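Hi,

Here is the model I promised to send over. Have a look, and my notes follow below.

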Amino acid sequence: MAGLLQALVGASEKAAHIARLCRQEEPLFQLLVAEKTGADRNRRFLQDFKTLADVLIQEVIKHDLGKEFPELKGHIHGEESNEFRNGQGEMVAVRVCTTPGETAALLLSVLEPERAAAELLAAAVHRDVALGDAELAGVALSIPPQDLAIWIDPIDSTNEYIGGREDVAPIDGIAPAGLRSALVLIGAYDRRTGCPVLGVINEPFFCRDPLTHRWQGRYHWGVAYGDTRLCSLSPPPLRPTPCVVLSRAEGAAVRAALGPLCGDRLRFAAGAGYKMLCVILGLADAYILSEGSTFAWDACAPHAILRALGGGTVALAAALRARRVGDAGPPPELVYNRPAEEAAGVERWANRGGLLAYVHPQHLEFMLAALAAVPGL
Ligand code: 2IP
Ligand code: CA
Ligand code: CA
């Protein structure tokens with residue numbers, strides 16, 4: 001089972017490579033930023049291509065994990081559907097074929113006439129990834145893959161990925177926007193309980209290599225299964241005054257309620273996964289979101305890592321409700337196996353009622369107390 005954690009990391013590395021490739025290689029980059037040329041055809045193509053990058057990355061992860069762990073087949077889910085409408089209006093099911101040549105031909109049926117782009121992508125899809133990570137190789141786990149299922153967000157913060165800003169200065173280590181917030185998220189949860197068990201976050205655009213000027217990535221992983229807690233990172237130190245990271249879309253009521261608690265330590269960032277990563281890295285102590293604007297695939301991987309570090313991710317509205325009726329039990333955490341039956345499409349998997357991601361349980365208590373006073377939450 002050490003194999004599954006390594007396979008998740010390996011899949012995230014391949015995904016990150018494809019994400020970088022689309023920005024680095026001219027034939028692909030031109031498609032990604034085609035909107036800027038202004039031509040109508042290109043404007044439509046932009047929409048198509050960024051979706052294709054997402055769909056393809058998800059299919060690669062699905063394919064590689066399913067091949068190595070047949071028990072997971074049918075239990076690997078993601079944000080995207082692999083059905084893709086090409087420029088001629090035909091439906092193409094994007095998938096990984098047996099050979100790079102076949103995959104390139106399939107991709108060309110979507111990208112026609114961009115042959116070079118199709119071939120570059122196909123080569124990346126079929127590339128073998130060597131990890132060379134001694135710490136990760138030494139992790140020995142025994143979690144039966146047939147008890148697990150997977151959530152993939154192939155690229156979280158797509159808007160920042162497409163926008164590609166590199167000049168956004170971090171504030172106390174937190175990038176308010178830009179390429180840094182585009183992440184690959186792969187999480188495994190317990191099929192029966194819905195609890196997150198393994199998580200991998202890959203940052204494809206962590207920094208530029210000073211010599212080659214190419215983007216370099218990094219990854220983080222965590223395990224929270226039974227009594228096992230393992231993580232590539234150490235728990236961050238407890239700060240007396242918590243720092244909270246929010247979406248720029250967060251409402252005034254939540255901002256006002258947090259004021260007395262954090263003073264000037266409110267931060268804003270793009271990307272749901274990136275904000276959870278800020279908590280994992282100790283750049284913030286909590287990420288609070290009052291709306292159902294994130295989904296199972298956004299939260300599963302970072303939630304598993306937070307649990308590995310002794311924290312978690314609470315279902316905000318349900319936790320506040322429980323508190324108001326005097327429920328003394330632990331606040332309910334998000335689960336990943338229960339769709340909202342009355343909702344349709346992607347909304348079935350929305351984290352309805354918002355969330356609160358934390359790393360230190362002491363902070364959780366403070367924040368729930370402050371938020372319980374907000375009318376309408
Ligand atoms: C999005 C992305 C957004 C986030 C939203 C997610 O995922 O992470 O940035 O909004 O909740 O669903 P915000 O930045 O306001 O937190 P995607 O980019 O995969 O659609
Ligand atoms: Ca997302
Ligand atoms: Ca996404």
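To start with the buried pair: Asp153 and Asp298 are both buried (buried is under 20% relative accessible area, exposed over 50%, partly exposed in between, with a 1.4 Å probe and protein chains only). Bear in mind that this is a predicted model, where local features need pLDDT of at least 70 and side-chain atom pairs count only at pLDDT 80 or more, while totals for chains, interfaces and linings use all residues. Residues are numbered from 1 along each chain as its sequence is written, chains are lettered from A and ligands numbered from 1 in the order written, and side-chain values use heavy atoms, without hydrogens and water.

Now the metal site. The calcium ion (ligand 2) has Asp153 (OD), Asp156 (OD) and Asp298 (OD) as its protein donors, at 2.1 to 2.3 Å (donors are N, O and S atoms within 2.8 Å of the metal, or 3.2 Å for Na, K and Ca; water is not among the atoms, so sites may look incomplete). Asp153 also bridges to the calcium ion (ligand 3), 3.9 Å from the calcium ion (ligand 2). Asp153 sits in strand β4 (residues 148–156) and Asp298 in helix α10 (residues 296–308), so the two tie together parts 145 residues apart in sequence (helices, H or I of at least four residues, and strands, E of at least two, are DSSP runs numbered from the N terminus).

Asp156 lies in strand β4 too, and counts as buried at 7% relative accessibility. Beyond its neighbours within four places in sequence, Asp156 touches residues including Ser181, Tyr274 and Asp298 (contact means heavy atoms within 4.5 Å).

Cheers
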